[in-house]
Amino acid sequence: MDTGLLILRLLAGLLIAGHGVQKVSFRLGGSGLAGGTEEFRHDGFRGGALTALAAGAGQIGSGLLLAVGALTPLAAAGAIGVMTVALTVKWPNGLWVQKDGYEYPLVLVVIAAVLALTGPGRHSLDRALGLLPWPSWLSLAAVTGGVFAGMATRALLHRPLPTPAAFPPAERNRP
């Protein structure tokens with residue numbers, strides 16, 4: 001079981017961290033901070049570069065902490081938060097990733113939640129530092145707190161793009 005948790009942590013944590021690196025740099029196929037900023041603007045978020053930088057840093061930090069099994073409830077809450085925001089962005093497209101759906105963020109949210117609830121396993125910094133076992137309430141707080149933080153971020157920073165029907169016909173035809 002511990003080897004399985006190690007593999008799961010490494011895979012999910014490094015993917016989440018890599019996703020964050022793409023938001024803020026040209027590494028791993030990223031478009032730099034300007035590209036990350038434009039992605040958030042395109043998805044209807046306020047905050048410009050600061051939003052992209054915060055999301056990228058959150059993904060990098062939580063992903064790396066998950067990968068090494070350090071402060072696992074906090075790392076899981078961070079990963080759940082940023083991936084919950086991604087899930088809400090992709091929600092209108094349906095489940096499947098082929099249609100730019102929320103499949104991938106959902107899988108990462110569930111993996112982070114599972115790691116928060118099971119713990120990082122024997123091959124982790126949490127174990128090496130004597131921080132385990134975590135109290136069960138802390139694991140539950142990490143999962144619910146992560147989802148809540150993601151939903152709150154969405155509510156505070158997202159501005160729905162206006163639809164053409166929202167404007168009177170005269171304004172729709174203006175140059």
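Predicted model: local features only at pLDDT ≥ 70, side-chain atom pairs only at ≥ 80, totals over all residues.

Q: Fine. Which helix gives the largest share of the lining of the second largest pocket?

A: Helix 5 does, with 3 residues. Helix 1 and helix 7 each supply at least two residues as well.

Q: How much space lies in the second largest pocket?

A: About 160 Å³. Its lining has 17 residues, and Thr118, Gly119, Pro120, Leu132 and Pro133 lie nearest the centre.

Q: How do the residues of that lining divide by class?

A: Into 9 nonpolar, 5 polar and 3 charged.

Q: OK, now the largest pocket. How much space there?

A: About 710 Å³. The lining is made of 36 residues, with Glu39, Phe40, Asp43, Ala86 and Val89 the closest to the centre.

Q: Which elements give two or more residues to that lining?

A: Helix 1, helix 2 (32-42), helix 3, helix 4 (72-90), helix 5 (103-118) and helix 7 (136-157).

Q: And which helix gives the most?

A: Helix 4, with 8 residues.

Q: Switching to packing. At what angle do helix 4 and helix 7 cross?

A: Roughly 35°, and their axes come within 7 Å. The crossing is right-handed.

Q: Which residues make the contact?

A: From helix 4, Pro73, Ala77, Ile80, Gly81, Thr84, Val85, Thr88 and Val89. From helix 7, Leu138, Ala142, Val143, Gly146, Val147, Gly150, Met151, Thr153 and Arg154. By class, this contact has 10 nonpolar, 6 polar and 1 charged residues.

Q: What about helix 1 and helix 3, how do their axes cross?

A: Helix 1 (residues 2-24) and helix 3 (residues 48-68) cross at roughly 160°, with axes that come within 7 Å.

Q: Why are those two called roughly antiparallel?

A: Because angles over 145 degrees count as roughly antiparallel, helix 1 and helix 3 are roughly antiparallel to each other.

Q: Left-handed or right-handed?

A: Helix 1 passes helix 3 in a left-handed crossing. On the helix 1 side, the contact includes Arg9, Leu10, Gly13 and Leu14. On the helix 3 side, Ala52, Leu53, Gly56 and Gln59 are among the residues in contact.

Q: How does that contact divide by class?

A: Into 13 nonpolar, 7 polar and 2 charged residues.

Terms used. Residues numbered from 1 in each chain as written. Heavy atoms only, no water. Axes fitted to C-alpha atoms, helices over the stretch in contact; angles between N-to-C directions. Helix = DSSP H or I, 4+ residues; strand = E, 2+ residues; numbered from the N terminus. Parallel < 35°, antiparallel > 145°, perpendicular 65-115°, else oblique. Left-handed = near helix turned anticlockwise from the far one by under 90°. Contact = heavy atoms within 4.5 Å. Nonpolar A, V, L, I, M, F, W, Y, C, P; charged D, E, K, R; others polar. 1 Å grid on protein atoms, 1.4 Å probe; cavity = no way out; pocket = protein on both sides within 12 Å on 5 of 7 lines; lining within 4 Å. Points joined across faces, edges and corners; volume = space filled by probe spheres on them.
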